[in-house]
Amino acid sequence: MTIGGGFTANVTVEQYEDALQNVQDANVSESLELLSKLSLKRYEFKYDTVAGRTTVLGVLGPELRTVAPEVVQVLPERFVFDRDGRGRIALQDFHVVDKDALYMHNLGATQQLIRSFRRQEEEILALRQLTIVQEMKIEELQGYLEQEASAQLVEKRLIAEAEVKKTEKLIEEAAVRGKEERKTLDLKRDHELRVENEKHALEKKRMQEEDAARRDQNRDLVQLQEESNIRIERARRETEEVLKEKQLAADHARALLERNTTLEKAAIDVEGRIRQQRANQDIEMAQLQQRLEADRVKLMQALQSTFDNLGQGVS
């Protein structure tokens with residue numbers, strides 16, 4: 001095949017359906033989840049080329065990229081013109097939103113909502129049918145219950161009447177027993193009261209006798225106590241006199257002992273002084289003898305020297 005008369009290219013014919021590969025059903029619940037996370041914004045674009053448009057309704061590229069990055073393409077740089085068309089501006093990191101992909105997600109979310117709505121309608125219809133069946137069963141059971149209730153009421157009434165008669169009989173028997181028990185209790189109380197009165201009288205008489213005996217005993221004890229006090233006082237005085245005499249004798253003996261001790265100390269002192277004087281005299285005599293002996297030796301030496309000198313002169 002010749003194109004433009006310049007070169008020849010080989011062309012292969014293929015059906016469009018054959019060009020589609022790996023076709024799978026989309027998970028429309030994910031589309032619904034994605035759209036629920038998106039937030040529509042109204043904003044102004046400084047370099048909008050549509051005349052007269054002030055605000056734009058849509059999603060912001062940076063926010064959409066955090067939720068669905070496959071729907072946003074980030075261009076490193078894109079050139080735009082100002083509103084006058086004169087100035088050229090380079091926008092960095094320009095976010096291009098794939099609106100076709102968003103539309104498809106919207107279509108999938110709508111399908112998911114329709115399916116959910118239909119499923120809910122089916123569930124509601126099933127619940128209504130189940131309610132009708134249950135109401136019919138309830139009416140049927142209510143009829144059975146009314147019949148059983150009538151029979152049970154008759155039986156319960158008979159049982160209640162029998163219970164009432166039984167209770168009345170028990171009450172009558174209890175009343176008779178109560179009357180007899182009250183009579184017995186009255187007799188017992190009267191007997192116990194008489195016994196207690198007799199005990200009280202005997203106890204009172206015994207206490208009076210004990211009180212009289214105690215008074216007599218106390219009177220004797222008082223007399224004995226007074227006599228004992230007199231004897232104790234007499235013994236105390238006699239003891240004090242004996243102690244005084246012993247104290248005087250002890251004082252006299254102590255005075256004699258102190259005097260004898262003083263005399264003995266004086267005698268010992270005098271004897272010590274005499275001994276000291278004698279010792280001093282002995283020492284002085286010894287010293288005197290030593291001095292006399294020394295003088296005698298000196299005198300003998302002097303005489304010997306004199307004799308020696310005389311002998312040398314004679315010769």
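Leaving aside neighbours within four places in sequence, Q112 touches V28, S29 and L32, where contact means heavy atoms within 4.5 Å. This is a predicted model, in which local features need pLDDT of at least 70 and side-chain atom pairs count only at pLDDT 80 or more, while totals for chains, interfaces and linings use all residues. Residues are numbered from 1 along each chain as its sequence is written, and side-chain values use heavy atoms, with hydrogens and water left out.

Q112 belongs to helix α4, which covers residues 99-314; helices (H or I, at least four residues) are DSSP runs numbered from the N terminus. A249 and M300 lie in helix α4 as well. Accessibility is classed as buried under 20% relative accessible area, exposed over 50% and partly exposed in between (1.4 Å probe, protein chains only).

| Residue | Relative accessible area | Class |
|---|---|---|
| Q112 | 16% | buried |
| A249 | 47% | partly exposed |
| M300 | 47% | partly exposed |

Between A249 and E140 there are 109 residues in sequence and 135 Å in space, taken from C-alpha to C-alpha.

The largest nonpolar core consists of eight residues, L34, V59, L64, A68, V71, V72, A101 and L102; such a core is a set of buried Ala, Val, Leu, Ile, Met, Phe, Trp, Tyr and Cys residues joined through side-chain atoms within 4.5 Å. Of these, L102 is in contact with L38, V59, L64, V71 and V97, again leaving aside its neighbours within four places in sequence.

Definitions and conventions:
Helix = DSSP H or I, 4+ residues; strand = E, 2+ residues; numbered from the N terminus.
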